[in-house]
Amino acid sequence: MLNSVTQALENNPYVVVVALDFSKAFDTVRHSSAVAKVAQFQIPDCVHNWLVNFLDGHSHCTRFNGYTSDLLDVTASFVQGSAIAPAMYVVNAGDLQVVTPGNSLMKYADDTYLVIPACNVDSRDQEVSNVNEWSRANNLTLNQAKSVEVIFRDNRKRRCFHPPSLLQGITRVTSLKVLGVTLTDRLSVTAHVDDVVGLCARSMYAISVLRSHGMKSSALQQVFCAVVVSKLTYATPAWWGFTSSVDRQRLNAFCVELLVPTCGHQLG
């Protein structure tokens, strides 16, 4: 998504990104619709049949005060946290496409982002209406109250900036958290760096408590790498290029003062 936004900013004063929220997305996907879409792929029959068998034969009842309701077949929903749920949702959302050339949709499981360059800004309402229609056809509900819009612009380029009108029912914000990474409308990741450093500092306190209770150095190093280093390096190939010199200095200072003596790792 960042690549698409930065490329579009080469020829546009701004790029609109709408983060779409679907209510209870995993709970409402129809099994029949998802399986029908799986059948369109070139996959072995045994895989298709296994999926059908896995989803078939589930039922639900409610018991309260000694009374039990009739059994009803479960014909929709994928259990969140299961291995199959994200993949099946991706298959189900595969036919959701933009209607205007030049726009794009970025999808990861149930996280969906509509990217619209300034030259196509008049197509926003049409794109959102298209998503609404697709949602209704696929037993989903687009929650516009939780969907947000952010207008990205390159602060290094001094271009005349006239923001478009607000989208009906969708809030405009100045920052957006994309898969755990916070981005501002100026393509800054300073807020994300602040969050990461703060989380790692709290984790360092927890590690010091473990050390005081006699945990061995080798075990402390494993905990450190799993908890602290993983937070620092999460998605760095995507956001590191958007750090400022101040951001990098802060991260490197944190590494030198706290991380390197403990684990011998260095972020940069």
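How many aromatic pairs does the ring rule count here? The count comes to four, where rings of Phe, Tyr and Trp (its six-membered ring) pair if their centres lie within 6.5 Å, with planes under 30 degrees apart counted as stacked, over 60 as edge-to-face and the rest as tilted. The structure is a predicted model, in which local features need pLDDT of at least 70 and side-chain atom pairs count only at pLDDT 80 or more, while totals for chains, interfaces and linings use all residues. Residues are numbered from 1 along each chain as its sequence is written, and side-chain values use heavy atoms, with hydrogens and water left out.

One of the four pairs is made by phenylalanine 22 and tryptophan 134, whose ring centres sit 6.0 Å apart with planes at 65°, so this pair is edge-to-face. Phenylalanine 22 comes from the loop between strand E1 (15-20) and H2, and tryptophan 134 from helix H6, so the pair ties together parts 112 residues apart in sequence. Helices (H or I, at least four residues) and strands (E, at least two) are DSSP runs, numbered from the N terminus. Both phenylalanine 22 and tryptophan 134 are buried, where buried means under 20% relative accessible area, exposed over 50% and partly exposed in between (1.4 Å probe, protein chains only).

Phenylalanine 26 and tyrosine 89 form a tilted pair, because their ring centres are 5.4 Å apart and their planes stand at 40°. This pair also links distant parts of the chain, with phenylalanine 26 in helix H2 and tyrosine 89 in helix H5, 63 residues apart. Phenylalanine 26 and tyrosine 89 are both buried.

Now to the pockets. The largest pocket holds about 290 Å³ of space. On a 1 Å grid over the protein atoms alone, a pocket is an open set of points with protein on both sides within 12 Å along at least five of seven lines, and lining residues have an atom within 4 Å of a point. Grid points are joined across faces, edges and corners, and the volume is the space filled by probe spheres set on the points, the probe being 1.4 Å. The lining numbers 15 residues, with Met1, Leu2, Val178, Leu179 and Ala238 nearest the centre. Helix H1 (2-8) and strands E6 (104-108), E7 (111-117) and E11 (181-184) each supply at least two lining residues, and E6 gives the most, with three. By class, the lining has twelve nonpolar, one polar and two charged residues (Ala, Val, Leu, Ile, Met, Phe, Trp, Tyr, Cys and Pro count as nonpolar, Asp, Glu, Lys and Arg as charged, and the others, Gly among them, as polar).

Leucine 179 lies in the loop between strand E10 (175-178) and E11, and counts as partly exposed at 35% relative accessibility. Leaving aside neighbours within four places in sequence, leucine 179 is in contact with Tyr108, Asp111, Tyr113 and Tyr234. Alanine 238, in helix H9 (residues 236-239), is partly exposed at 43% relative accessibility.

Technical notes:
Contact = heavy atoms within 4.5 Å.
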